[in-house]
Amino acid sequence: MYHETNKMIKKIEHIGIAVKSLEQSNKVFERLFGFSHYKLEKVESEGVSTSFFMLGETKIELLEASAENSAIAKFIEKKGEGIHHIAYEVDDITTEMARLKSEGFELIHQEAKDGADNKRICFLHPKSTNGVLVELCQEKIKQS
Ligand code: ZN
C-alpha cells in the first residue's frame, strides 16, 4: 500500500527528445515556446549534446548524438526523432533504485551515474515500463 504523503517519484523533471541536429531543433523549440534554451551541455560519457528549456517546473531536454555509438544515434536510426525518455525526480536515487528493482523493474545500470544538468541519473529498461524509457534523477548537492 502506497501513501500519497510519502511520494517516491516526485514529479516529471524533464522530457527528453532525440533530435538529429541540436542547432536546428533549438530554433524550432525556440519558436514553439517563445523563449530560448537556458543551457547547452555535452555529456561525453553518454555521447550526447543536450539543450534544456524551462517550462514552469518541467524541462524539455533535446538530445543530439555526439558519437556514433551513442544511445541517441541508435534510437534515431531505429525510430527516428521523437520522445526518447521521461525523467522523474527522486530525493534519494539509491533508495529508489533498490525499491524499483525489488518491484521487478529492470535497471539498465546498477549504479547511479552523472547526467546532464547537475544530476545523478539511472535508466529503467523500457521493456519493464510499457515501452517508455524512464530516467530517475536526483539533483546533486551543490558544492559551495
Ligand atoms: Zn534526461
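**Close-up views of a predicted model**

**View 1. Helix α2 and its two faces.** The face of α2 that is turned away from its buried side carries Glu77 and Lys78, both exposed (exposed means over 50% relative accessible area, buried under 20%, and partly exposed in between, with a 1.4 Å probe and protein chains only). Within this helix, which spans residues 71–79, Ile72, Phe75 and Ile76 are buried. Because these residues cover an arc of only 95° around the axis, they lie on the same side of α2; the arc is that of the directions from the helix axis to the C-beta atoms. The buried residues of α2 pack against β1, β3, β4 and β5 (82–89), where contact means heavy atoms within 4.5 Å. Helices (H or I, at least four residues) and strands (E, at least two) are DSSP runs, numbered from the N terminus.

The structure is a predicted model, in which local features need pLDDT of at least 70 and side-chain atom pairs count only at pLDDT 80 or more, whereas totals for chains, interfaces and linings use all residues. Residues are numbered from 1 along each chain as its sequence is written, and side-chain values use heavy atoms, with hydrogens and water left out.

**View 2. The zinc site.** The zinc ion is coordinated at 2.1 to 2.2 Å by His14 (NE2), Glu61 (OE), His85 (NE2) and Glu135 (OE); donors are N, O and S atoms within 2.8 Å of the metal (3.2 Å for Na, K and Ca), and since water is not among the atoms, sites may look incomplete. Along the chain these donors follow the spacing H-x46-E-x23-H-x49-E. Glu61 belongs to strand β4 (residues 58–65) and Glu135 to strand β8 (residues 134–139), so the pair ties together parts that are 74 residues apart in sequence. Glu61 counts as buried at 5% relative accessibility, and Glu135 counts as buried at 5%.

View 3. Eight strands, with mixed pairing, form an open sheet in the order β2-β3-β4-β1-β5-β8-β7-β6; two strands pair if DSSP finds at least two bridges between them. Strands β2 (39–43) and β6 (113–115) stand at the edges with a single partner strand each, so one side of each is left without a neighbour in the sheet.

**View 4. The pairing of β3 with β4.** Strand β3 (residues 48–55) pairs with β4 in the antiparallel sense over eight bridges, and Phe53 stands opposite Ile60 in β4.
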